[in-house]
Amino acid sequence: MVEQVLGRGERVLRETPTPYLVAEEREVLARFLARLERECGDAIRRVILYGSKARGDADAESDTDVLIVVTDAAARIRIKTIAREESSHDVEGFWFSWRILTEAEYAEYRRLMFPFYVNLRRDGVELWNPAAS
């Protein structure tokens, strides 16, 4: 099961255009996606890489921004814990910024066309969208 899950995370990153992530960042992200699949798979609705790493204008000070859309507040708490634990394993010199929204919050961002949502849809790279599978 773990190999199958890790394979999915690696496949998603291999098949998704993320040319601005270095190997170490891809490894941390693949491990994170594998853990999400294993521990919270049904609660995950989307995972989107956004910000400078998605756009390709990152510099040495840039972090890696990842949005996770989840079913509800209980899932958000579980995923915050996982993100915190995984961030403690970050590779030296790389920082991850995890933003977690519920489906309802994401829908509200979309409805109101918040600038964050507009930029996310314009520049973001969809890493996980079970609805698209």
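What share of the contacts in the protein with a separation of 6 or more comes from residues 24 or more positions apart? The share is 72%. Contact here means heavy atoms within 4.5 Å.

**Before you start**

This is a predicted model, where local features need pLDDT of at least 70 and side-chain atom pairs count only at pLDDT 80 or more, while totals for chains, interfaces and linings use all residues. Residues are numbered from 1 along each chain as its sequence is written, and side-chain values use heavy atoms, with hydrogens and water left out.

**Stop 1: the whole chain**

Show the protein as a cartoon. Six helices and four strands make up its secondary structure. Helices (H or I, at least four residues) and strands (E, at least two) are DSSP runs, numbered from the N terminus. Trace the chain along its sequence and the pattern reads α-α-β-α-β-α-β-α-α-β.

Of the 133 residues, 44% count as buried. Buried means under 20% relative accessible area, exposed over 50%, and partly exposed in between (1.4 Å probe, protein chains only).

**Stop 2: the sheet**

Select the four strands. They form an open sheet in the order β3-β2-β1-β4, with mixed pairing. Two strands pair if DSSP finds at least two bridges between them. β3 and β4 are the edge strands, each pairing on one side only. From one strand to the next, the twist averages 25°.

Focus on β1. β1 pairs with β2 in the antiparallel sense, over six bridges. Within this pair, R46 stands opposite V69 of β2, and V47 stands opposite I68 of β2. β1 also pairs with β4, again antiparallel, over three bridges. There, I48 faces E126 of β4.

Is β1 largely enclosed or open? Six of its seven residues are buried, so β1 is largely enclosed by the rest of the structure.

**Stop 3: helices on the sheet**

R35 counts as buried, at 14% relative accessibility. Leaving out residues up to four places away in sequence, R35 touches C40, I82, E85 and E86.

**Stop 4: the nonpolar cores**

Select L36, I44, V47, V66, I68, I79 and W98 as side chains. These have the most contacts inside the largest nonpolar core, a group of 25 residues. A nonpolar core is a set of buried Ala, Val, Leu, Ile, Met, Phe, Trp, Tyr and Cys residues joined through side-chain atoms within 4.5 Å. At least two residues each come from α2 (23–40), β1 (44–50), β2 (64–70), α4 (73–87), β3 (96–102) and β4 (125–128). α2 gives the most, with six residues.

Centre the view on I68. Which residues does I68 touch, not counting those up to four places away in sequence? They are F32, I44, R46, V47, I79, W98, R99, I100 and L101.

Next, select I48, Y50, F116 and Y117. They are among the ten residues of a second, separate core.

**Stop 5: the aromatic rings**

Show the Phe, Tyr and Trp rings. Rings (for Trp, the six-membered ring) pair if their centres lie within 6.5 Å; planes under 30 degrees apart count as stacked, over 60 as edge-to-face and the rest as tilted. The count comes to six aromatic pairs.

Zoom in on Y50 and F116. Their ring centres are 5.2 Å apart and their planes lie at 90°, so the pair is edge-to-face. Y50 sits in strand β1 and F116 in helix α6, 66 residues apart, and the pair links these distant parts of the chain. Y50 is buried at 13% relative accessible area, and F116 is buried at 18%.

Y109 is buried, with a relative accessible area of 17%.

Y50, Y109, F114 and F116 form one aromatic cluster.

Definitions and conventions
Axes fitted to C-alpha atoms, helices over the stretch in contact; angles between N-to-C directions.
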